[in-house]
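Hi everyone, thanks for having me. Please bring up the structure on your screens, and we'll walk through it together.

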Amino acid sequence: MVLLPKGLKALKQVAKEVGLDLRGAYVNLDGGFDSRANRKCIFNAGMIPNITENPRNRKRIKRGRKRFFNETIHALRMRVERTFAWEDKFKRLLLRFERIQQRHYGMKLLAYTLINLREFCGA
């Protein structure tokens with residue numbers, strides 16, 4: 001995939017400017033990024049690839065060493081994706097009607113309050 005190496009390079013640049021060390025960090029991706037080149041690119045950047053294996057209509061199991069995949073770390077990614085999906089239900093946040101940052105932030109807080117209220121009240 002062509003986008004991943006450029007994205008990793010930009011991520012490393014931003015982390016360097018902020019002062020973060022990304023060595024040993026997990027990179028969670030879905031099965032669409034499952035390729036030898038992507039895994040190698042992430043590994044060479046000093047990070048750990050955590051990518052679901054894509055079966056690609058295989059009839060037999062892929063030979064060779066089993067690829068690293070940590071299900072518990074990937075489950076955290078799914079929580080984040082689900083939260084973004086809940087946030088997308090609010091049209092005002094999705095289209096970003098508010099031009100002033102504080103108002104947009106206030107709308108986000110209101111949306112998250114409604115999401116939590118719905119979750120805790122069992123509705």
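Let me start with a question: is the crossing of helix 3 and helix 5 right-handed or left-handed? Have a look while I remind you that this is a predicted model.

The crossing is right-handed. When we talk about two packed helices, we describe them by the angle between their axes and the distance between those axes. For helix 3 and helix 5, which covers residues 101-121, the angle is about 110 degrees and the axes are 10 Å apart. Angles of 65 to 115 degrees count as roughly perpendicular, and therefore that is what we call helix 3 and helix 5. Which residues of these helices meet? From helix 3 we have Thr83, Trp86 and Glu87, and from helix 5 there are Lys108, Tyr112, Ile115, Arg118 and Glu119. Sorted by class, that contact has four charged residues, three nonpolar and one polar.

Now let's go to another pair. Helix 1 spans residues 3-18 and helix 2 spans residues 36-44; their axes come within 10 Å and cross at roughly 15 degrees. An angle under 35 degrees counts as roughly parallel, so helix 1 and helix 2 are roughly parallel to each other. Their crossing is right-handed. On the helix 1 side, the contact is made by Leu4, Pro5 and Leu8, and on the helix 2 side by Asn38, Cys41 and Ile42. By class, this contact has five nonpolar residues, one polar and no charged ones.

Next, the strands. In a regular strand, side chains alternate between the two faces of the sheet. Follow strand 1, residues 26-29: Val27 and Leu29 are on its covered face, while Tyr26 and Asn28 are on the uncovered one. Strand 1 runs parallel to strand 2, residues 48-51, and four bridges join them. What is the bridge partner of asparagine 28 in strand 2? That would be asparagine 50.

Last stop: arginine 67, in the loop between strand 2 and helix 3, which is 71-87. Leaving aside neighbours within four places in sequence, arginine 67 is in contact with Arg39, Glu53 and Lys62. Take arginine 39 from that list: it is 28 residues from arginine 67 in sequence, and their C-alpha atoms are 9.5 Å apart in space.

Key
Residues numbered from 1 in each chain as written. Predicted model: local features only at pLDDT ≥ 70, side-chain atom pairs only at ≥ 80, totals over all residues. Heavy atoms only, no water. Axes fitted to C-alpha atoms, helices over the stretch in contact; angles between N-to-C directions. Helix = DSSP H or I, 4+ residues; strand = E, 2+ residues; numbered from the N terminus. Parallel < 35°, antiparallel > 145°, perpendicular 65-115°, else oblique. Left-handed = near helix turned anticlockwise from the far one by under 90°. Contact = heavy atoms within 4.5 Å. Nonpolar A, V, L, I, M, F, W, Y, C, P; charged D, E, K, R; others polar. Buried < 20%, exposed > 50% of the residue type's maximum accessible area, 1.4 Å probe, protein only. Pairing = 2+ DSSP bridges.
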